[in-house]
Amino acid sequence: MLVETPAPLRARPATLAVACAAPLLALINYTAPMVTLPEAARALDAGPTGPVWMLNAVTLGLAVSLLLAGGLADDHGRRRVYVIGMASLAVSSAIVALAGGVPVFVIGRFAQGVASAALLAASLGVVGEVVPPGPERARATGRYGAMLGLGIAIGPLVSGGLAALSSWRGVYWLTAACSVVLAVLAARTLPARTEPRPGQRSGRRLDVPGAVTLTLGLAALVTGVTEARLGWSRPVVLAALAAAAVLLTSFALVEVRRPEPLIDMGLFRRPSFLVATGGALVTGIAIVGLMSYLPTVLQSALGMTQLATAAVFAFWSGTSFVAALLAPRLRLAARGRLALGLLLSAAGSLALLGTMAHWSAPRAVAGLLVAGIGSGLVNASLTHLAIESVPRHRASMGSGANNTARYVGSSVGAALTAAVTAGQGLAAGTDLMIVACAAAAALTAGLVRFAAS
């Protein structure tokens, strides 16, 4: 029996508040180890690549799960996937808090990433479902994007503060408690209805071949770049990257032939979808990946404390939060805001050149403020484009594709930064990555403007 597409649901303040709480908590959790990584690595006796895996495990969980989570949310209920994600985040956070060694910590963080994928895909899908296109949606996606910046801003502060009061484990117990509360609120607040595909039966068959090839391919890619910290010519690195190439190519071939694919490959013919996913990938590599490793560099190169590092980092992330809230007021289309944000991110990061060798607080703060404005514009624009670039009934899939690109990029960016700084030294390696990432962001901004025209 065919199902007609229902009218949009009415957005309630409580619905949007619970939806926006998901990226806030997910990003607090994502950034939790940034300032406590050296302490946690010492406590768990991590080896040469242990700290990178401790930082990257949550990103790997996000990357391999976001597309699948988006499809499940669209087809089986966004509220259901949101609640399951929150419950899973509570359990996995407790596992991390109780970890006695690196393997358990990494497994727990990976599980946190899978749970966070469910939250991000379902929550942005809710926004796309309950808020109609137009200025109201621009404001809603701006607030949603701002939560990404706020989570990045307060995550290191909360983590560093709790570490100073007790230990690095404190933030994970807090995450578990918040997850339980939000799971209860979501069950009572979020709409239960799922948007069915127009003209088709409600609920699709799971694309098992697509899910398997994508998950294994992304896992192999992240494994390769993470292990490359000790050398790109090592057999494990070459084997992982070769496997990633084969598996991801297989995924594309599988999706073209599937009647109900994990991701509709025809979307890549849409300029708006290409801009959204390509911009997210570059943002992950050049902005999130670089910035997520900078706190570790600051502590190692300059001997900063955890709270001092978090405070410096907050100039970037806090400004990003404010800029994302104000982004809809700019009289620019989403693509224009994205291009401007990428250019400002590039300019701000270039101001950080040389600060690892010769620290200059005014120059570093100025650069972080400019980069933060750029990051906020990027977050608000990508969130808007992720919804607008796909049909309304596939909003969670659009969120999944966009966030997959972002977190695959951030994992690659963090691993590359770790590898380059290990090979070139902290100061020289950081400067090299800053230049490379700024060039990538500026080039992408030009391509976005070209696509918009």
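Axes here are lines fitted to C-alpha atoms, for helices over the stretch in contact, and angles run from 0 to 180 degrees between N-to-C directions. Helices (H or I, at least four residues) are DSSP runs numbered from the N terminus.

The model is predicted: local features need pLDDT of at least 70, side-chain atom pairs count only at pLDDT 80 or more, and totals for chains, interfaces and linings use all residues. Residues are numbered from 1 along each chain as its sequence is written, and side-chain values use heavy atoms, with hydrogens and water left out.

**Stop 1: H3 and H8**

Select helix H3 (residues 50-76) and helix H8 (208-227). H3 and H8 pack at about 160 degrees, with their axes 9 Å apart. That makes H3 roughly antiparallel to H8, a term for angles over 145 degrees. The crossing of H3 and H8 is right-handed (the near helix is turned clockwise from the far one by less than a right angle).

Now show the side chains in contact, meaning heavy atoms within 4.5 Å. On H3 they include Trp53, Asn56 and Leu60; on H8, Leu214, Leu218 and Glu227 are among them. The contact of H3 with H8 has 12 nonpolar, 4 polar and 1 charged residues. Here Ala, Val, Leu, Ile, Met, Phe, Trp, Tyr, Cys and Pro count as nonpolar, Asp, Glu, Lys and Arg as charged, and the others, Gly among them, as polar.

**Stop 2: the largest pocket**

On a 1 Å grid over the protein atoms alone, a pocket is an open set of points where a 1.4 Å probe fits, with protein on both sides within 12 Å along at least five of seven lines; lining residues have an atom within 4 Å of a point. The volume of the largest pocket is about 430 Å³, taken as the space filled by probe spheres set on the points, which are joined across faces, edges and corners. H8, H9 (235-257), H10 and H14 (395-424) each supply at least two lining residues. The lining has 15 nonpolar, 3 polar and no charged residues.

**Stop 3: H10 and H13**

Next, select H10 (residues 271-302) and H13 (residues 361-388), whose axes come within 10 Å and cross at roughly 150 degrees. H10 and H13 are therefore roughly antiparallel, and their crossing is left-handed. Gly279 and Thr283 of H10 and Ser375 of H13 are among the contact residues. By class, this contact has 11 nonpolar, 3 polar and no charged residues.

Terms used. Angles under 35 degrees count as roughly parallel, over 145 as roughly antiparallel, 65 to 115 as roughly perpendicular and the rest as oblique.
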